[in-house]
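Please open the structure in the viewer and keep the selection tool at hand.

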Amino acid sequence: EGSSGKVMIFLHKEIMNFYKIIFFIFFILFTYDLNSAAGGACKDYGDCDKFDYSLNDIESLQRGASTYINYCYGCHSLQYSRWGRVANDLQIPEDIFFENLVFDKSIKPGDLMTGAMPEDSANWFGVAPPDLTLVSRYKGDDWIYSYLRAYYEDSSKQYGVNNLVYPGTAMPNVLLALQGNQKLVCKDIPMIAANGGQKRDEYGNDVLKEKCGFLEVEEGTGKLTKEEFDDLIYDLTNFLVYVGEPIKATRERLGWYVIFYFLIFTALSSLLYREFHKDYNK
């Protein structure tokens with residue numbers, strides 16, 4: 001009886017220690033994911049638009065890769081990624097990938113995507129264009145998605161544009177031809193009463209006030225509609241999320257198996273504990 005009791009107590013302590021370790025690990029991982037996803041505040045834009053990545057949507061990632069290489073790679077490298085790895089992960093045959101998206105024929109599949117921007121680029125833009133391999137990790141995918149859609153005309157700036165998410169940005173709007181001329185406009189919006197409802201005059205009409213700072217694309221100035229442009233930015237952001245952590249989709253999928261394992265282990269541990277407890281109570 002004494003031996004059985006000691007075994008039960010020992011087993012109980014070991015199980016509790018095991019769960020403390022597991023809970024600590026999950027706490028660290030959960031906190032890390034929150035910090036990485038939170039990104040920075042979207043400044044004058046207000047709250048960042050919510051972005052829900054879909055790393056299992058291979059077609060979206062393929063379109064995003066095409067957009068990035070055609071419009072962004074000329075300035076922004078992905079120096080921690082390799083051409084062959086991207087082609088393989090995005091399920092694009094290497095011959096097709098290199099024929100259509102790799103313009104330097106001397107590049108090999110194992111080469112890093114280091115870009116071709118000259119070292120004196122800082123003199124052109126005022127700051128060297130940063131590498132964007134990890135931009136989704138330190139800025140957040142919500143921030144990227146909002147930033148790329150928040151350019152507007154500003155004649156006081158060097159390139160004639162500014163950005164609500166990153167005021168004073170040195171990066172020109174390379175997607176201007178696709179999006180069209182976006183401007184800051186003013187609109188009449190309803191005033192809020194003290195009770196939280198819409199404020200109305202003595203005749204029951206809504207009381208309006210002018211508010212400025214709304215983004216609006218001049219119709220017919222872009223190659224894409226607003227919906228099409230938003231889809232393009234979604235695919236581009238989705239690709240940058242993938243580049244920031246290529247193993248992320250696999251990690252998240254394996255995470256469900258790990259959770260399932262812990263549930264099964266918990267059930268078996270509970271049953272085993274009950275069996276030892278029966279012997280202890282005899």
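Select Tyr-68 first: its relative accessibility is 0%, so Tyr-68 counts as buried (buried means under 20% relative accessible area, exposed over 50%, partly exposed in between, with a 1.4 Å probe and protein chains only). The model is predicted, so local features need pLDDT of at least 70 and side-chain atom pairs count only at pLDDT 80 or more, while totals for chains, interfaces and linings use all residues. Residues are numbered from 1 along each chain as its sequence is written, and side-chain values use heavy atoms, with hydrogens and water left out.

**The whole chain**

Show the protein chain as a cartoon; its secondary structure comes to 10 helices and six strands. Helices (H or I, at least four residues) and strands (E, at least two) are DSSP runs, numbered from the N terminus. Of the 282 residues in the chain, 32% are buried.

Next, colour by pLDDT, the predictor's confidence in each residue, from 0 to 100. The average for the chain is 85, and 81% of the residues score at least 70. Over residues 32-40 the pLDDT is below 50, and this stretch has 13 contacts in the model beyond near neighbours in sequence (contact means heavy atoms within 4.5 Å). Where pLDDT is low, the predicted coordinates should not be read in detail.

**Helix α2**

Buried residues of α2 include Ile-58, Leu-61, Ala-65 and Tyr-68. What do the buried residues of α2 pack against? Their partners are β1, α3, α4 and α9.

Select α9, in which 14 of the 19 residues are buried. Its first and last C-alpha atoms are 27 Å apart, close to the 27 Å expected.

Now display the largest nonpolar core, which has 47 residues; Tyr-68, Trp-83, Leu-90, Phe-97, Phe-239 and Tyr-242 have the most contacts inside it. Such a core is a set of buried Ala, Val, Leu, Ile, Met, Phe, Trp, Tyr and Cys residues joined through side-chain atoms within 4.5 Å. At least two core residues come from each of α2 (58-71), α3 (83-89), α4 (94-101), α7 (141-147), β3 (151-153) and α9 (226-244). The largest share, nine residues, is supplied by α9.

Centre the view on Tyr-242. Leaving aside neighbours within four places in sequence, Tyr-242 is in contact with Leu-55, Leu-61, Arg-85, Val-86, Asp-89 and Leu-90.

**Aromatic pairs**

The whole structure holds 13 aromatic pairs. Rings of Phe, Tyr and Trp (its six-membered ring) pair if their centres lie within 6.5 Å; planes under 30 degrees apart count as stacked, over 60 as edge-to-face and the rest as tilted.

Select Tyr-68 with Phe-239: the ring centres are 5.8 Å apart and the planes lie at 50 degrees, so the pair is tilted. Tyr-68 in helix α2 and Phe-239 in helix α9 are 171 residues apart, and their pair links distant parts of the chain. Phe-239 has 1% relative accessibility and therefore counts as buried.

Finally, select Tyr-73 and Trp-83, whose ring centres are 5.3 Å apart with planes at 80 degrees, so the pair is edge-to-face. Tyr-73 lies in the loop between α2 and β1 (78-82), and Trp-83 in helix α3. Both residues, Tyr-73 and Trp-83, are buried.

Notes: Expected span 1.5 Å × (residues − 1).
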